[in-house]
Amino acid sequence: MNNDIDEIKMQILDLIAECFEVDRALVVPEARLKADLGIDSIDGIDLLVAIEKRFGLRFNTDQLSDWRTVNDVMDALPNGAKAQPT
Amino acid sequence: MMESVVVTGIGLVSTLGHSLPAIADALRMGRSGIIRDDERIALGFRSALTGRIKDFDPAEVLSRVERRSMSEPALYGAVAAIRAIQDASLDRDRLRNAQSGVVIGNDSAADASRVTADATRSDGTTRLLGSAAVIHGMNSSPSMTLSVLFGTQGVCWTMSSACASGANAIGIGGMLIESGQQDIVIVGAVQEINWAGMAGFDALGAFSTWAGDATLASRPFSVDRDGLVPSGGGAVLVLESARHAKSRGARIRAMLRAYAFNSDGNHITSPDGNGAFRCMSSALTQSGLSPGQIDYVNAHATSTVAGDALEAAAIASVFGEFQPAVSSTKGVTGHECWMSGASEVAYSLLMAEHGFIAANKNLLEADPACVGLDLVRETRSVTPQRFLSNSFGFGGTNACLIFEAMNE
């Protein structure tokens, strides 16, 4: 189970780098979305959509405004999220 | 006092190429930008013919954040505008004020609407549409994204008037400068080139169904023409007051001598010819030029049976015994629709810069309706110093522009 969560988190890091054209090395859990990765509030909507499409799950959109770091995004993953075949 | 309006920059994203010298060369040599698109055959189109923009990569000049709100036509417009500003040697900082604005011609957001509808139905929800769907789906997307890109704080309008949209965008931008309300306006037009934007036209039977070499399909004024070939891209001009252009030492490419507009008030898709006659006559009167002082008419002629014949008769009547050289560049570009009124001014300015008049491609035998016209059959080594550009759209909306090329 832990392995699966770790794999999901890795896939989200990859997804952020791919969707927002950010150097993958900069996409670490502690990275700040706006200040470090240039991901603003409009991008936040697209990040949510990209994760929902990739993992087939639904976020609580009320949490979107609380996302400050990559860790916040991963902490918001709904229960039952499963890694996707790559 | 009325301000003189001048052109200081040209930028194009065209089926003929990306750089101005390459596009001028294609016009001179009659190289076509038209292909046959197999996807349209699979989708059940009557005609698979279309213009194609080759090697277009907006990421070369636009960041991800700049691109994210831009639909296909907005990207064409933004890249063309960046090129126009470079051509005008205009520092972007000079656009960040209330005397600078944008007026862009556009009359559809068809593919964006298709994508939104398809995704909503297949997902069973709107929540996966993402942030850009609303902007992409707006007809004004190209002008609003351009204003944000350059930070202009003056006019930000979209001109929607069918295939006269581009000409009207130039004309309205010119009027705002002439009246002193703006010093500089980024004007032009865009045309999406995807199948969704063209399906309705195809249904009307407006397109050529030429079966052979695709580059021979668009045949303005030819007796055997069988319809237009859809095309698109982006065309932008930097318009300035002469005073503003001179104050910054800009190269002046041309002066806007006249902008005339009117409507047929007759039929939703069929032109009547009278509107075209009145519009050209009005432009000539406004310009203060006599018919014999016009060197070239860049005709609207789209390669449709009715439209070309009526325009030919109107040109013959307006110019009488002083017939200027006439060609339609749509023989090589196809019909760039909303964009055509702007791109064809740009093409004519390139001809003036390089000292030639482009031929009517694929014109072997002219329609008898063209009697009296000086149709250009081979590229002429003549500079079209003063030219008239015609645009006639669905709904009978007409616009004519007269420019005088300069090199100051």
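Two residues are taken to be in contact if their C-beta atoms, placed from the backbone, lie within 7 Å. The model is predicted, with local features requiring pLDDT of at least 70 and side-chain atom pairs counted only at pLDDT 80 or more, whereas totals for chains, interfaces and linings use all residues. Residues are numbered from 1 along each chain as its sequence is written, and chains are lettered from A and ligands numbered from 1 in the order in which they are written.

Helices (H or I, at least four residues) and strands (E, at least two) are DSSP runs numbered from the N terminus. A residue is buried if 20 or more other C-beta atoms lie within 10 Å of its own, exposed if 12 or fewer, and partly exposed in between. Helix H7 (residues 141-150) of chain B is largely enclosed by the rest of the structure, because eight of its 10 residues are buried. Among them are Leu146(B), Leu149(B) and Phe150(B). The buried residues of H7(B) pack against helices H3 (64-67), H4 (72-87) and H6 (133-136) and strands S4 (100-105), S5 (156-159) and S6 (184-191) of chain B. Gly151(B), with a positive phi near 75°, follows H7(B).

A nonpolar core is a set of buried Ala, Val, Leu, Ile, Met, Phe, Trp, Tyr and Cys residues joined through C-beta atoms within 7 Å. In the largest such core, of 112 residues, Leu237(B) and Leu401(B) touch the most other members. H4(B) contributes the most to this core, with 10 residues. Domain 1 (5-247) and domain 2 (257-405) of chain B, with bounds from an automatic or database domain assignment, both give residues to this core, so the core lies between them.
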